[in-house]
Number of protein chains: 2
Amino acid sequence: MSEFRVSSLQLEAFIASAMTALGLPESDAKTIGELMTEADMQGSDGHGVIRLVPYAKRILSGGLNLKPNIQIIQERTAMALIDGDNGMGHLVMKRATELAIHKARSAGIAWVGSRLSNHAGPASLYARMALKHDMIGLYFAVGNANHLPPWGGLDMLLSTNPIAAAIPTLQEPPVVLDMATTVAAYGKVKAKAQRGEMMPEGWMIDRQGKPLLDPTKSDEGFLLPIGGYKGYGLSLIVGILAGTLNGAAMGSQVIDFNKDFSTTTNTGQAIAVIDPAAFGDIQDFKRNVDQLVRELRGAQRMPGVERIWLPGEQSHQKRMDHEKQGVLLAPSLVKQLHELASQLAISPLTALKH
Amino acid sequence: MSEFRVSSLQLEAFIASAMTALGLPESDAKTIGELMTEADMQGSDGHGVIRLVPYAKRILSGGLNLKPNIQIIQERTAMALIDGDNGMGHLVMKRATELAIHKARSAGIAWVGSRLSNHAGPASLYARMALKHDMIGLYFAVGNANHLPPWGGLDMLLSTNPIAAAIPTLQEPPVVLDMATTVAAYGKVKAKAQRGEMMPEGWMIDRQGKPLLDPTKSDEGFLLPIGGYKGYGLSLIVGILAGTLNGAAMGSQVIDFNKDFSTTTNTGQAIAVIDPAAFGDIQDFKRNVDQLVRELRGAQRMPGVERIWLPGEQSHQKRMDHEKQGVLLAPSLVKQLHELASQLAISPLTALKH
């Protein structure tokens, strides 16, 4: 079978047409198409079009509000709390981020939280939105399935609660961090299982605390947090800031979105935007970040290390590659998307011509 | 030799009298005495009175401004940038935190950065200040010595750049995270060397990337970041937010405060304060955090685990123990403090009577 590559325009149009067929208003479907495609373009392929089939399943199960009344329910000069009315997370968090950018422009910093939101794709999607306004974006979210117990515990009460940060630069690629607070995201475990590979030590442990290497037995163990108890603490703090503070699900309230497609997830997220222009000259700031980036990249390297990467540099390169060559989709995913197209009676996704 | 224990009042008074003898105004000396003692009381003994001798050395070397003009140099509704004028970090960050709390009360969130500051003790000291106002505190700082290379590199361009977060509760101890972005803080390595112990694998690596276990050879290697490249990314982001954004030292500009006692460190820190009352009822929020804390603490435990700890719970317990029994000081530290007292012609620190 030949490679199946699609352009961003093809992908956007396909996702939008699926979302429209599923009952979303056309402009919302378009927004979701753009944001999901952006995830694939930057190489966050666990959070892009691969999620279309589960999203569709949730919509068809009545688990998502197709015409949500997304509204501000609490507001002060530099903050807001948005009720997503159980709409698609992309719509909720795009609205939240735009509001945070607007508020940060006058206040210097702004923080907008969400409740009754849903999975919104990769964390960096929203942190990155601040960049084109020459601002810094910080994003926190409660993950949509608990795979992490408190340190020393067995009950999975915490999720991979991710953190993203995006820092504007002058000539260098922006510095963009996007990380789960666990050593591996759960999607990586599932990918190992699909490929029939073992996991490296340090990703998961079993209920005795021993290393768990077989990804097909992932139900018998837990993800490990980064830095042991430190990552447990980080996951908890992120969860309180993105969940509890917003009146969103946290701890045992979190719905496993891979198993339950109809219960309202009450997902919580938070976006903070900082305007560096409030601290001094914006060009100076961006130049100083460039200089720091070059200093780190130019550091002497350990034997066998070909290159020192900055956070976000690899996804920057993937974005450029994907713009030229399109996004490569796995055969199993293409098959699923074809089946979805047939089910929704829309035109199937077409591949780029070679 | 019998145990040398001191009460918080004894410790505060001794530090204040040392600082006054060193030339600081009396009220500033008192503030520093209180904050440094608070570090010991909460068990952050690497950041409390143990630092008095190095601080004195820096002051006597002309490396600190005794009568700084600490002032706001940039300000918007929800942010400020404070120039510490090379004063003691405790004075700068207390001022910054009070300002952030004040601003957060109306804006909902506030962020205050510092430049030309200095080492200010444990990160949680300032995050915790928000608690008595029923607010959330987040703190970020550039560490005062570089022990971390970029991932794959050999040049130590990054520090242990810590993060702290403090979350108010109703009846439970507050949730307080205080962590370096490296697996071990450098002070822990030095403590292992003093005790003649080996380090566990995972704390440090040598220049070939192999585990370094002998703490007396710490100059031949580097600290490891938590979660590998993730901790490198976190350390970098914290450094940009606390350093570069404020026009403070970052990367190769960082002065090693253990080796150079006279050059201005231009330390950068940042405090963010969030008012949960802006998001909804404050009692509800605190009750929900309590409930989450109890849920995590009550989780089923791994074999051999006696108790599940929440972040900040151990330091909460240490504070209560220290209030009853005083703080235990190591003989070597007591000797140093006695020598300092003699040098400054002040009354030596006295121990609690048994």
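Start with burial in chain A: buried residues account for 56% of its 354 residues. Keep in mind that this is a predicted model.

**Chain A, whole**

Show chain A as a cartoon. It has 10 helices and 12 strands. Its radius of gyration is 20 Å, close to the 20 Å that the globule rule gives for 354 residues, so chain A is as compact as a globular protein of that length. Along the principal axes, its C-alpha atoms fill a box of roughly 55 × 50 × 50 Å. Now think about contacts. Among those between residues at least 6 apart in sequence, 63% join residues at least 24 apart.

**The sheet in chain B**

Switch to chain B and colour the strands. Which strands make up the open sheet, and in what order? There are 7, running β2-β3-β4-β13-β5-β8-β9, with mixed pairing. Select residues 71-76 for β2 and 175-179 for β9: these are the edge strands of chain B, and each pairs on one side only. From one strand to the next, the twist averages 10°.

Strand β8 of chain B, residues 163-167, pairs with β9(B) in the antiparallel sense over 5 bridges. Pick B:Ala166 there. Its bridge partner in β9(B) is B:Val176.

Next, select residues 89-107 of chain B. This is helix α4, and it packs on the sheet. Where does it touch? Its contacts are with β3 (79-83), β4 (109-117) and β13 (267-274) of chain B. Look along β4(B): the direction of α4(B) makes about 160° with that of the strand.

**Two packed helices in chain B**

Two packed helices are described by the angle between their axes and the distance between the axes. Select residues 52-60 of chain B, helix α3, together with α10(B). They pack at an angle of about 35°, with their axes 10 Å apart.

Show side chains at the contact. From α3(B) come B:Leu52, B:Val53 and B:Ala56; they meet B:Gln336, B:Leu337 and B:Leu340 of α10(B). By class, this contact has 5 nonpolar residues, 1 polar and no charged ones.

**Along α10 and past its end**

Stay on α10 of chain B, residues 331-344. How far apart are its end C-alpha atoms?

Finish one step on, at B:Ala345. Just after α10(B), this residue takes a positive phi of about 55°.

How values were computed: Residues are numbered from 1 along each chain as its sequence is written. Chains are lettered from A and ligands numbered from 1 in the order in which they are written. This is a predicted model: local features need pLDDT of at least 70, side-chain atom pairs count only at pLDDT 80 or more; totals for chains, interfaces and linings use all residues. Helices (H or I, at least four residues) and strands (E, at least two) are DSSP runs, numbered from the N terminus. Two strands pair if DSSP finds at least two bridges between them. Axes are lines fitted to C-alpha atoms, for helices over the stretch in contact, and angles run from 0 to 180 degrees between N-to-C directions. Two residues are in contact if their C-beta atoms, placed from the backbone, lie within 7 Å. The radius of gyration is taken over C-alpha atoms; the globule rule is 2.2 Å times the number of residues to the power 0.38. A residue is buried if 20 or more other C-beta atoms lie within 10 Å of its own, exposed if 12 or fewer, and partly exposed in between; C-beta atoms are placed from the backbone. Ala, Val, Leu, Ile, Met, Phe, Trp, Tyr, Cys and Pro count as nonpolar, Asp, Glu, Lys and Arg as charged, and the others, Gly among them, as polar.
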